[in-house]
Amino acid sequence: MSPQSAESTTTSQRPADRPAAVIVLAAGAGTRMKSRTPKILHTLGGRSMIGHALAAARGLEPHDLAVVVRHERDLVAGHVAGIDPQALLVDQDDVPGTGRAVQVALDALDAQRGTVEGTVVVTYGDVPLLEAATLTALVETHTREHNAVTVLTAELDDATGYGRIVRADDGTVVGIVEHKDATDAQRSIREVNSGIYAFDAAVLRDGLGRIDAGNAQGELYLTDVLGIARNHGGRVAGLVVEDRWQVEGANDRVQLAHLGAELNRRVLERWMRAGVSIADPASTWIEVSVQLDEDVTLLPGTQLCGTTTVARDAVVGPDTTLTDVAVGEGAHVVRTHGSGARIGSGASVGPFTYLRPGTVLGEDGKIGAFYETKNVTVGRGSKLSHLGYAGDAEIGEYTNIGCGNITANYDGVDKHRTVIGSHVRTSSNTVFVAPVQVGDGAYTGAGAVIRKDVPAGALGLSVVAQRNIPDWTAEKRPGTGSDAAARAATPGTATPQIPPAEPQEPQESGQS
């Protein structure tokens, strides 16, 4: 009997026989990560490693899910509770080893539900690419073959450090030997233990009661349960996963980066096959929670994060980062950094635009170059084209906000709102000192500082008549190049030689 492949079995998203429980082991310290953040809380694809593990486990729709914690217990427990409130948190005690971790979890499940019966799946919190379909194949194989234990395995070119799968002539698994306890012959085996299992609950409970710490590490090995089960007449089988990435763990930041890149490659491939055009996959990053429609185009340097959604025919990029942003159908977003914003269909944003949370841009609207917005609603067809700031504001439909306009929303203590109506035209360098309202169809003059409400259809002005002071340069800047140039341009005055330009302040090296 040859080893069976996970890819050769059915990959439906739900096994016919739901497992009684899934136990996720998440108690390790992860010291090689060299971080104050627990290893399993490090993220890739916008989700923590334990978050990926829980998503795969929940894909099995188990009756119960337990997570074993220890290192930085409160941080890990709080994170798990936030993403999966129904998960049972179990504390591992001072007894080391995976066997002990599973034992305390099974005891806790027994105490919560009564004696657990059926299939129990054991997996890890640091295998972020593991898929629910692979766990489903494991459970279905376990159930179909009436196994006592089924272990998920992989074949590696370099198996150093991994527990080796020792098989009998009929292809069943005799046992698992940890690398440090293996003989030279056993170390030549390329098939390794992933640490992911399906157990019959009664077999697991009995085996855990029989294991001991008589090994090089002085730990209670979960792997010893397989030999015990076989010795008591149980069938122990292995299911080879051909996609080794699914059982790769991240023990340091190098491995985390490799896994992150592979995850991103898979996400991009999935979206391209779903009808999204990605001009440069090498510079495009999409987190797992992002949603895209067909005929979306992503240009180089695009990063889509969080709950970002992009509708059909929209174009995002180049050089754009969006987090929790909704982009409407046919919108264009160019060289923009945005978070917590909504962009209407047919709207355009950028280049060099900063959309802060609470920005809502209506259909066919525009927020243009070098603009910052925050907590602002911009109506259909309205334009904020360039060089300005709009915060805590409401702008109506088909209004044009001129270059250099600013809503002065903060008085040093409180924030105040500016309300600008529809079909308003504001001139360059207008400042709205909130709270203030501008009525429909109103205008403002260039350089106006609007401190009072402007009625509908009115022109708001705050400038005084221009006054010129003759000979100011000669009086205030005598002997300068400006003075000489002014005298040369004024008939009837002496025309001295124009001196060279005043020396500039010395620049630091590298300045332009």
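Predicted model: local features only at pLDDT ≥ 70, side-chain atom pairs only at ≥ 80, totals over all residues.
Biologist: Which residue in S10 is the bridge partner of arginine 164?

Modeller: That's valine 177. S9 and S10 make a hairpin with five residues between them, and glycine 171 in the turn has a positive phi of about 90 degrees.

Biologist: How many residues of S10 are buried?

Modeller: Four of the five residues in S10 (173-177) are buried. Buried is under 20% relative accessible area, exposed is over 50%, and partly exposed is in between, with a 1.4 Å probe and protein chains only.

Biologist: Switching to helices, why is H1 largely enclosed?

Modeller: Eight of the 10 residues in H1 (49-58) are buried, so the rest of the structure largely encloses this helix. Among the buried ones are Met49, His52 and Leu54.

Biologist: And at what angle do H1 and H2 cross?

Modeller: Roughly 45 degrees, with the axes of H1 and H2 (residues 73-83) coming within 11 Å. Axes are lines fitted to C-alpha atoms, for helices over the stretch in contact, and angles run from 0 to 180 degrees between N-to-C directions. That makes H1 oblique to H2; under 35 degrees counts as roughly parallel, over 145 as roughly antiparallel, 65 to 115 as roughly perpendicular, and the rest as oblique.

Biologist: Which residues make that contact?

Modeller: Ile50, Gly51 and Leu54 from H1, with His79, Val80 and Ile83 from H2. Contact means heavy atoms within 4.5 Å.

Biologist: How do H6 and H7 pack?

Modeller: H6 and H7 (residues 224-231) pack at about 110 degrees, their axes 9 Å apart. That makes H6 roughly perpendicular to H7. Val203, Leu204, Gly207 and Leu208 in H6 meet Val225, Ile228 and Ala229 in H7. By class, that contact has six nonpolar, one polar and no charged residues. Ala, Val, Leu, Ile, Met, Phe, Trp, Tyr, Cys and Pro count as nonpolar, Asp, Glu, Lys and Arg as charged, and the others, including Gly, as polar.

Biologist: New topic: is the peptide bond from glycine 317 to proline 318 cis or trans?

Modeller: It's cis, with omega near 5 degrees. Proline 318 is in the loop between S19 (315-316) and S20 (320-323). Aspartate 319 lies in the loop between S19 and S20 too. Phi of aspartate 319 is near 55 degrees, a positive value in a residue other than glycine.

Biologist: What does aspartate 319 count as by accessibility?

Modeller: Partly exposed, at 43% relative accessibility.

Biologist: Last one: which strand holds serine 385?

Modeller: S29, residues 383-395. At 14% relative accessibility, serine 385 counts as buried. Beyond its neighbours within four places in sequence, serine 385 is in contact with Lys366, Gly368, Ala369, Tyr371 and Ile401.

Note on methods: Residues numbered from 1 in each chain as written. Heavy atoms only, no water. Helix = DSSP H or I, 4+ residues; strand = E, 2+ residues; numbered from the N terminus. Pairing = 2+ DSSP bridges.
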